[in-house]
Amino acid sequence: MAEAFLKQLASDRFDVESAGLEPGTLNPIVVESMQEVGIDISHNRTKDVFEFFKQGKKFECVVTVCDEASGDQCPFFPSQKEKMNWSFPDPSKFTGTHEEKLAQVRIVRDSIKRKVQEFIAKKTQ
(Lines give C-alpha, C1' and ligand atoms only; values in the text may rest on other atoms or scores of the structure.)
Protein backbone atom coordinates (compact mmCIF):
# COMPACT_ATOMS: atom_id res chain seq x y z
CA MET A 1 0.00 0.00 0.00
CA ALA A 2 2.82 2.40 0.86
CA GLU A 3 4.49 1.79 -2.50
CA ALA A 4 1.22 2.41 -4.35
CA PHE A 5 0.49 5.65 -2.49
CA LEU A 6 4.03 6.95 -2.91
CA LYS A 7 3.93 6.20 -6.62
CA GLN A 8 0.51 7.83 -6.96
CA LEU A 9 1.42 10.95 -5.00
CA ALA A 10 5.08 11.52 -5.84
CA SER A 11 6.45 9.22 -8.54
CA ASP A 12 7.91 12.31 -10.19
CA ARG A 13 10.12 12.89 -7.10
CA PHE A 14 10.93 9.39 -5.85
CA ASP A 15 11.97 6.05 -7.32
CA VAL A 16 9.89 3.56 -5.40
CA GLU A 17 10.43 -0.16 -4.90
CA SER A 18 8.61 -2.53 -2.61
CA ALA A 19 9.67 -5.92 -1.29
CA GLY A 20 9.38 -8.24 1.64
CA LEU A 21 11.68 -10.78 3.18
CA GLU A 22 10.00 -13.43 1.07
CA PRO A 23 7.86 -13.04 -2.03
CA GLY A 24 4.28 -13.83 -1.21
CA THR A 25 0.87 -13.31 -2.67
CA LEU A 26 -1.21 -10.18 -2.70
CA ASN A 27 -3.87 -10.10 -0.03
CA PRO A 28 -7.20 -9.88 -1.91
CA ILE A 29 -8.74 -7.69 0.80
CA VAL A 30 -5.85 -5.24 0.51
CA VAL A 31 -6.33 -5.22 -3.28
CA GLU A 32 -10.04 -4.55 -2.75
CA SER A 33 -9.41 -1.72 -0.29
CA MET A 34 -6.95 -0.04 -2.66
CA GLN A 35 -9.44 -0.30 -5.53
CA GLU A 36 -11.87 1.63 -3.34
CA VAL A 37 -9.50 4.62 -3.47
CA GLY A 38 -8.84 4.27 -7.20
CA ILE A 39 -5.54 2.35 -7.09
CA ASP A 40 -5.31 -1.01 -8.83
CA ILE A 41 -2.53 -3.16 -7.36
CA SER A 42 -4.05 -6.44 -8.54
CA HIS A 43 -1.29 -6.99 -11.11
CA ASN A 44 1.62 -6.07 -8.83
CA ARG A 45 4.23 -8.76 -8.39
CA THR A 46 5.49 -9.42 -4.89
CA LYS A 47 9.26 -9.29 -4.62
CA ASP A 48 11.80 -10.14 -1.97
CA VAL A 49 14.54 -7.77 -0.81
CA PHE A 50 17.25 -10.18 -1.92
CA GLU A 51 16.32 -9.50 -5.56
CA PHE A 52 17.38 -5.89 -5.03
CA PHE A 53 20.43 -6.86 -3.00
CA LYS A 54 21.64 -9.23 -5.75
CA GLN A 55 21.11 -6.48 -8.34
CA GLY A 56 23.34 -4.18 -6.28
CA LYS A 57 20.60 -1.60 -5.88
CA LYS A 58 21.38 1.25 -3.56
CA PHE A 59 18.74 3.05 -1.56
CA GLU A 60 19.00 6.42 0.05
CA CYS A 61 16.05 5.78 2.32
CA VAL A 62 14.47 2.47 3.27
CA VAL A 63 11.02 2.58 4.81
CA THR A 64 9.77 -0.59 6.43
CA VAL A 65 6.14 -1.14 7.31
CA CYS A 66 6.59 -4.11 9.62
CA ASP A 67 4.37 -4.33 12.65
CA GLU A 68 6.12 -3.87 16.01
CA ALA A 69 6.25 -7.61 16.69
CA SER A 70 8.09 -8.21 13.41
CA GLY A 71 10.30 -5.12 13.55
CA ASP A 72 13.51 -7.06 14.16
CA GLN A 73 12.85 -9.01 10.96
CA CYS A 74 12.53 -5.94 8.75
CA PRO A 75 15.06 -5.74 5.92
CA PHE A 76 18.27 -3.73 6.04
CA PHE A 77 20.36 -2.60 3.07
CA PRO A 78 24.06 -1.97 3.70
CA SER A 79 24.03 1.04 1.35
CA GLN A 80 21.01 2.76 2.89
CA LYS A 81 21.61 6.21 4.30
CA GLU A 82 18.38 6.38 6.29
CA LYS A 83 15.93 3.82 7.63
CA MET A 84 12.45 4.46 8.94
CA ASN A 85 10.08 1.91 10.41
CA TRP A 86 6.37 2.60 10.19
CA SER A 87 4.56 0.14 12.40
CA PHE A 88 1.17 -0.96 11.10
CA PRO A 89 -0.90 -4.04 11.89
CA ASP A 90 -0.44 -6.85 9.38
CA PRO A 91 -3.67 -7.29 7.35
CA SER A 92 -2.90 -10.97 6.83
CA LYS A 93 -3.44 -11.48 10.54
CA PHE A 94 -6.88 -9.85 10.69
CA THR A 95 -9.77 -12.10 11.68
CA GLY A 96 -13.52 -11.93 11.35
CA THR A 97 -15.93 -11.78 8.48
CA HIS A 98 -14.90 -10.35 5.14
CA GLU A 99 -16.52 -7.03 6.05
CA GLU A 100 -14.79 -6.92 9.45
CA LYS A 101 -11.39 -7.60 7.89
CA LEU A 102 -12.07 -5.05 5.15
CA ALA A 103 -12.94 -2.42 7.77
CA GLN A 104 -9.63 -3.10 9.55
CA VAL A 105 -7.68 -2.92 6.28
CA ARG A 106 -9.32 0.42 5.46
CA ILE A 107 -8.00 1.83 8.74
CA VAL A 108 -4.48 0.61 7.95
CA ARG A 109 -4.75 1.84 4.35
CA ASP A 110 -5.77 5.33 5.43
CA SER A 111 -3.05 5.44 8.10
CA ILE A 112 -0.43 4.43 5.55
CA LYS A 113 -1.63 7.10 3.14
CA ARG A 114 -1.32 9.78 5.85
CA LYS A 115 2.19 8.55 6.72
CA VAL A 116 3.19 8.66 3.04
CA GLN A 117 1.85 12.21 2.73
CA GLU A 118 3.88 13.24 5.82
CA PHE A 119 6.98 11.58 4.33
CA ILE A 120 6.55 13.44 1.04
CA ALA A 121 6.08 16.76 2.83
CA LYS A 122 9.20 16.19 4.95
CA LYS A 123 11.42 15.03 2.08
CA THR A 124 10.37 17.74 -0.37
CA GLN A 125 10.61 20.79 1.88
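Start with Thr-95. Setting aside its neighbours within four places in sequence, Thr-95 has contacts with Glu-100, Lys-101 and Gln-104. Thr-95 sits in the loop that runs between β2 and α4. Buried or exposed, then, for Thr-95? Its relative accessible area is 61%, so Thr-95 is exposed. Before I go further: this is a predicted model.

Now the overall layout. The chain has 4 helices and 2 strands. Along the sequence these follow the pattern α-α-α-β-β-α. There are 125 residues in the chain, and 34% of them count as buried. If you take the contacts between residues at least 6 apart in sequence, 57% of those join residues at least 24 apart.

Next, helix α1, residues 2–10. Which residues of α1 are buried? They are Ala-2, Glu-3, Ala-4, Phe-5, Leu-6 and Ala-10. The cover over these buried residues includes α2 and α4.

Take α4 as the partner. The axes of α1 and α4 are 9 Å apart, and the two helices pack at an angle of about 45°. That angle is why α1 is called oblique to α4. The crossing of α1 and α4 is right-handed. On the α1 side, the residues that meet α4 are Ala-2, Phe-5, Leu-6, Leu-9 and Ala-10. On the α4 side, they are Arg-109, Ile-112, Lys-113, Val-116, Gln-117, Phe-119 and Ile-120. Sorted by class, the contact of α1 with α4 has 9 nonpolar residues, 1 polar and 2 charged. Of the α1 residues in this contact, Ala-2, Phe-5, Leu-6 and Ala-10 are also on the buried list for α1.

Helix α2 covers residues 28–36, and helix α4 covers residues 98–123. Their axes come within 9 Å and cross at roughly 60°. Therefore α2 is oblique to α4. The crossing of α2 and α4 is right-handed. From α2, the contact uses Ile-29, Val-30, Glu-32, Ser-33, Met-34 and Glu-36. From α4, the contact uses His-98, Lys-101, Leu-102, Val-105, Arg-106 and Arg-109. By class, there are 5 nonpolar, 2 polar and 5 charged residues in the contact of α2 with α4.

Two residues of α4 come up again here. Arg-109 is in the contact with α2, and Arg-109 is also in the contact with α1. Lys-101 is in the contact with α2, and Lys-101 is one of the residues in contact with Thr-95.

Now the charged pairs. How many salt bridges does the structure hold? There are 9 salt bridges. I'll go through three of them.

One is between Arg-106 and Glu-36, where the closest N and O atoms are 2.6 Å apart. Arg-106 is in helix α4 and Glu-36 is in helix α2, so this pair ties together parts that are 70 residues apart in sequence. Arg-106 has 27% relative accessibility and so counts as partly exposed. Glu-36 has a relative accessible area of 40%, which makes Glu-36 partly exposed as well. Both residues also belong to a network of salt bridges that links Glu-36, Arg-106, Arg-109 and Asp-110.

Another salt bridge joins Glu-82 and Lys-123, with the closest N and O atoms 2.4 Å apart. Where are these two residues? Glu-82 is in strand β2, residues 82–85, and Lys-123 is in helix α4. They are 41 residues apart, and the pair links distant parts of the chain. Glu-82 is at 26% relative accessibility, so Glu-82 counts as partly exposed. Lys-123 has a relative accessible area of 33% and is partly exposed.

The last one I'll show is Asp-90 with Lys-93, whose side chains meet in a salt bridge at 3.4 Å, N to O. What about exposure in this pair? Asp-90 has a relative accessible area of 28%, so Asp-90 is partly exposed. Lys-93 is at 54% relative accessibility and counts as exposed, because the cut-off is over 50%.

To recap the helices: α1 is oblique to α4, and α2 is oblique to α4.

Definitions and conventions:
Residues are numbered from 1 along each chain as its sequence is written. This is a predicted model: local features need pLDDT of at least 70, side-chain atom pairs count only at pLDDT 80 or more; totals for chains, interfaces and linings use all residues. Side-chain values use heavy atoms; hydrogens and water are left out. Axes are lines fitted to C-alpha atoms, for helices over the stretch in contact, and angles run from 0 to 180 degrees between N-to-C directions. Angles under 35 degrees count as roughly parallel, over 145 as roughly antiparallel, 65 to 115 as roughly perpendicular and the rest as oblique. A crossing is left-handed if the near helix is turned anticlockwise from the far one by less than a right angle, and right-handed if clockwise. Contact means heavy atoms within 4.5 Å. Ala, Val, Leu, Ile, Met, Phe, Trp, Tyr, Cys and Pro count as nonpolar, Asp, Glu, Lys and Arg as charged, and the others, Gly among them, as polar. A salt bridge is a side-chain nitrogen of Lys or Arg within 4 Å of a carboxyl oxygen of Asp or Glu. Buried means under 20% relative accessible area, exposed over 50%, partly exposed in between (1.4 Å probe, protein chains only).
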